Amino acid sequence: MGDSVNPFESFQEQVDEAADYVEADEGMLERLKNPERILETNLSVEMDDGSIEVFRAYRSQFNGDRGPYKGGIRYHPNVSRDEVKALSGWMAYKTATAGIPLGGGKGGIVIDPAEYSESELERITRTFAKELTPLIGEDRDIPAPDVNTGQREMNWIKDTYETLENTTEPGVITGKDISSGGSEGRVEATGRSTVIAAREAFDYLGRDISDATVAVQGYGNAGWISAKLAEELGATVVAVSDSSGGIYSEDGIDAVDAKRHKRETGSVVEYPGADEEVTNDELLQLDVDLLIPAALENAIDEEIARGVRADVISEAANGPITPAGDDVLEDEDVLVVPDILANAGGVTVSYFEWVQNRQRFYWDEERVNDELEDIIVDQFDTLVDAYEEHDLPSMRVAAYVVAIDRVVEAAEQADVWP
Ligand code: NAD
């Protein structure tokens, strides 16, 4: 992966490109490109052996013009101030693209969680939650899971916040366990929207996703659910990968069984049902109809993009294509469904979770999935309309144009104080 590309610079380039098609003055554009505030903190945590270790952590609150800040918390050694800033900006435009009444935020801890015990991870998470407590709240900022965090971490953060604030406020965080106030359908939501968006893209091209061959990079929450749901629509998942490498099978890989193998062995590599192994770079350049990048930023840089043979890319990951990679794919007429729509299912069902928490009234999975489907299909159509009406260079630019318009409208109402 081209790790040298700074994700915040990529994010700002994307906003700049769309800004050419939006009516907003210079000051407003500056506001649209930078976070409102960032918490940078050093967490001192006691390890199991009694020693103290210090972890750098961040929370970026990018834009709250359309509602409380909203975005996940990532645990990864490559977390940085700029990465968190970029991810929080993508969130602001993602909630706007989905049309849900929330802003954008993101957080992270610089850590490889695989190196720590569960009790250490609990103390690290609760220490971060203590630092976050003055900033978050169901009307202020609502975190959620991201890479290497899930229901367990969300439950710890909720419990720490509620204990310190002496309250019951399940809507302070989403992606919780059902028993702690989580929503049906949340675990599958990101993969679900990625696949719904891909299905709509094939439909737009006059094709059917059930005839498609698919490659998925990254086999965590977003990736494996995308593979499973694509398979349920009749597509053939021929390749999947994780950080240890990838596997390929011309006749298709059983998504559920490959996940079982990863759970048991730690990786999809050496899955007995595969014909051969492939590297991550080879996977991205396979001759498939649909490519789903579901790992990290910058997976598809200019060089990789030149070898991409897919007709449609649906971005489950945030920022998987660099701006230079995007230019190549645009020239090659690859239809890229941008992350801020394709993976918006996660935040959309997080929004449903928050609504249910506030109402203390819970929906069944069918209702969650139906409401999600309506939003993704509607917003896909809105992007296509903008793309065609203004003859925009890509669906990504269309998404930013639609989203920036919505944020600017709210920002103008919000006024500048004092
Ligand atoms: P996860 O931790 O569940 O899974 C990440 C997967 O990526 C793992 O299989 C890991 O092995 C793989 N991976 C990591 N580095 C890799 C590399 N260099 N090459 C190939 N594979 C690699 O994380 P997730 O929640 O599935 O998140 C994946 C992406 O989806 C991220 O970009 C995240 O921001 C985005 N996303 C997630 C959600 C969500 O609800 N979970 C929502 C929106 C966007």
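How far does a backbone N or O atom of N148 lie from an oxygen atom of the ligand? The separation is 3.1 Å, which falls among the polar contacts (pairs of N or O atoms within 3.5 Å). Two further pairs involve ligand oxygens: a polar backbone atom of N221 sits 2.9 Å away from one, and an N or O atom in the R186 side chain is 3.3 Å from one. On its own the ligand has 820 Å² of accessible area, and the protein covers 86% of that (Shrake-Rupley method, 1.4 Å probe).

The model is a predicted one, with pLDDT of at least 70 needed for local features and 80 or more for side-chain atom pairs, while totals for chains, interfaces and linings use all residues. Numbering runs from 1 along each chain as its sequence is written, and side-chain values use heavy atoms, with hydrogens and water left out.

Around the ligand there are 24 residues, of which D146, T190, N221, A222 and N318 come nearest; a residue counts if one of its heavy atoms lies within 4 Å. By class, this shell has nine nonpolar, 10 polar and five charged residues (Ala, Val, Leu, Ile, Met, Phe, Trp, Tyr, Cys and Pro are nonpolar; Asp, Glu, Lys and Arg charged; the others, Gly among them, polar). Helices α6 (186-204) and α7 (221-232) are the elements that give two or more residues to it; helices are DSSP runs of H or I, at least four residues, numbered from the N terminus.

As for helix packing, α1 (residues 7-19) and α3 (residues 81-98) meet at about 30 degrees, axes 7 Å apart; axes are lines fitted to C-alpha atoms over the stretch in contact, and angles run from 0 to 180 degrees between N-to-C directions.

Notes:
Polar contact = N/O pair within 3.5 Å; in protein donor to acceptor, adjacent residues only side chain to side chain.
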